[in-house]
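Colleague: Could you walk me through this one? I'd like to know what stands behind the words you use.

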Amino acid sequence: MVRKRNPSEALPPPLVLRPAAERGHRHYGWLDTWHTFSFGDYHDPRHMGFRALRVLNDDRVAPGAGFPDHPHRDMEIVTYVLEGALQHRDSLGNTSVIRAGEMQRMSAGTGVVHSEYNPSQAEPVHFLQIWIVPARQGLPPSYEQRAFAEEERRGRFRLVASPEGAERSLIVHQDARLYAALLRAGERTTYAVRPGRYAWVHIARGRTGVAGLELFEGDGVAVTGPLELEFEGVGEGEVLLFDLS
């Protein structure tokens with residue numbers, strides 16, 4: 001049974017809550033963005049990332065707006081579209097539209113230039129931008145994109161990124177695995193964080209019970225293994241889980 005959490009209530013150890021409202025927030029008119037970790041002109045020395053997970057930005061971009069050409073290097077960049085669509089172009093020659101339920105992975109490696117725009121003139125796009133520090137620098141830049149159907153994520157954690165590309169997941173060049181789950185009210189699932197491993201849980205949409213407490217969109221949880229995590233849907237929610245070394 002999931003119970004409501006009052007604003008000052010913490011999760012039981014070894015879980016550490018990062019409340020959504022305490023994240024960095026910037027609103028530029030065309031972009032409404034929340035930063036779980038320090039990014040750009042938002043700097044908090046207490047939140048510089050978690051293990052290899054360096055950036056977790058929750059972005060909403062207005063119709064027709066976006067990020068013009070800009071460079072990256074030595075970073076694994078995963079973009080997950082939650083609502084709407086995002087137009088991608090890069091210096092590797094890739095041109096694509098990432099739609100809701102799809103993920104893109106771009107290994108910036110020795111250097112890449114890219115742009116991201118909302119191609120709709122009527123609807124905003126809502127997506128997560130995730131940066132993972134690669135296991136080594138100087139990799140050749142590369143790109144891939146995958147669609148993950150709702151039924152693959154319904155009621156369970158579906159592997160969506162891994163170092164081996166297992167189960168048709170995206171390949172990330174780090175000892176990190178990313179899972180996504182969709183949970184309706186009353187649907188339950190578990191995830192075992194093994195000894196010596198760590199996890200970051202992010203409520204991507206809606207509400208979800210974690211360890212018996214109701215969490216809300218944008219909330220994050222740091223986890224130190226070994227621990228078996230219990231999840232229960234409250235309404236309709238989507239959860240991302242990063243399993244990290």
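Colleague: What makes the link between the side chains of E152 and R158 a polar contact?

Modeller: Their side chains are joined at 2.8 Å. A polar contact is a pair of N or O atoms within 3.5 Å, where one must be able to donate a hydrogen and the other to accept it, and residues adjacent in sequence count only if both atoms are side-chain atoms. So the 2.8 Å pair of E152 and R158 gets the name. Keep in mind that this is a predicted model, where local features need pLDDT of at least 70, side-chain atom pairs count only at pLDDT 80 or more, and totals for chains, interfaces and linings use all residues. Residues are numbered from 1 along each chain as its sequence is written, and side-chain values use heavy atoms, with hydrogens and water left out.

Colleague: Where does E152 sit?

Modeller: In helix α1, residues 150-153; a helix is a DSSP run of H or I with at least four residues, numbered from the N terminus.

Colleague: Why is L241 called buried?

Modeller: Its relative accessibility is 0%. Buried means under 20% relative accessible area, exposed over 50%, partly exposed in between, using a 1.4 Å probe and protein chains only. So L241 counts as buried.

Colleague: Which residues is L241 in contact with, leaving aside neighbours within four places in sequence?

Modeller: Among them are F157, R177, Y191, W200 and F231, where contact means heavy atoms within 4.5 Å. R177 is 64 residues away in sequence, yet the C-alpha atoms of R177 and L241 are 8.1 Å apart. L241 itself belongs to strand β20, residues 227-244; a strand is a DSSP run of E with at least two residues.
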